[in-house]
Amino acid sequence: MSHAGVIAHLQSTGLIPIRAAEVTAGGAVSAGASVSSTTASRKSSFSFGGRGKVTQADLSVLTRELATLLRAGLPLDRSMEILIGLAEKESVSELLSAIRNEVRGGTALSKALEKHRDVFSRFYINMVKAGEAGGSLGTVLLRLADHMERATELKDSVISALIYPVILFVVAVLSVLILVMFVVPQFKQIFDQSKQALPFATEVVLTTGIFLRQNWP
């Protein structure tokens, strides 16, 4: 059965699949999966990572899981309660708890997010506000998760594309420095013995090499 088929089957039984992962031949799950019913939630192997600050990767996963629960028909505070139970990262759990408490107190989700501007961008908050106004918060969160994942993929692609040129640049700079500091000065004695006037560019290279060699620290 395909990944989509598994999720559809679980939904038909009244369950809310948060993730589905293929089981290897040895019975181990290649990536942890968790399922929550509308009446109970169970602690699973789902994890947002370590215990440091909330990263963009954490936020992307959190957004997608919240969208899944909301689109399944769960109320917002109940959805957040489930995610708090699933979170293994302390900072994520604390963030969700603070937002849940604000929501239970009657504050709109977008207003609750504004109190955590160090985690949620203005774009994120405005999108949530638009979803609340249009009554399609789950759909908006799903699109936000897609957007964040594409942005992360693009960032990773740019970084990967820049690694090779940066390595070449560093190697080239080091090679030039080695030549100027250690190789070129060796020719000074030969030039001095010739007792001939050197071109200005050659004088500059020799002087630079000697200066760098004597004062490089």
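Reply: On a 1 Å grid over the protein atoms alone, a cavity is a set of points where a 1.4 Å probe fits but cannot get out, a pocket is an open set with protein on both sides within 12 Å along at least five of seven lines, and lining residues have an atom within 4 Å of a point. The model is predicted, so local features need pLDDT of at least 70 and side-chain atom pairs count only at pLDDT 80 or more, while totals for chains, interfaces and linings use all residues. Residues are numbered from 1 along each chain as its sequence is written, and side-chain values use heavy atoms, with hydrogens and water left out.

Me: How many cavities of 30 Å³ or more are there?
Reply: The count is one. The largest cavity holds about 100 Å³ of space, where a volume is the space filled by probe spheres set on the points, joined across faces, edges and corners.

Me: Which residues line the largest cavity?
Reply: Its lining consists of L62, T63, L66, M80, L96, I99, L109, L113, F120, Y124, V128 and L141. Two or more of the lining residues come from each of α2 (56-71), α4 (90-104), α5 (109-114) and α6 (122-134); these helices are DSSP runs (H or I, at least four residues), numbered from the N terminus. The most come from α2, with three residues.

Me: What about aromatic pairs in the whole structure?
Reply: The search finds one. The ring centres of F120 and Y124 lie 5.1 Å apart and the planes meet at 50°, so the pair is tilted; rings of Phe, Tyr and Trp (its six-membered ring) pair if their centres lie within 6.5 Å, with planes under 30 degrees apart stacked, over 60 edge-to-face and the rest tilted.

Me: Are F120 and Y124 buried or exposed?
Reply: Both F120 and Y124 are buried, meaning under 20% relative accessible area with a 1.4 Å probe and protein chains only (exposed is over 50%, partly exposed in between).

Me: Which residues of α4 are buried?
Reply: They are S91, V92, S93, L95, L96, S97, I99, R100 and V103. The buried residues of α4 pack against α2, α3 (76-86) and α5, with contact meaning heavy atoms within 4.5 Å.

Me: And what follows α4?
Reply: G106 follows α4, with a positive phi near 100°.

Me: Changing topic, what is the volume of the second largest pocket?
Reply: The volume is about 230 Å³. Of its 15 lining residues, Q56, L59, M148, A151 and T152 are the closest to the centre. α7 gives the most to this lining, with seven residues.
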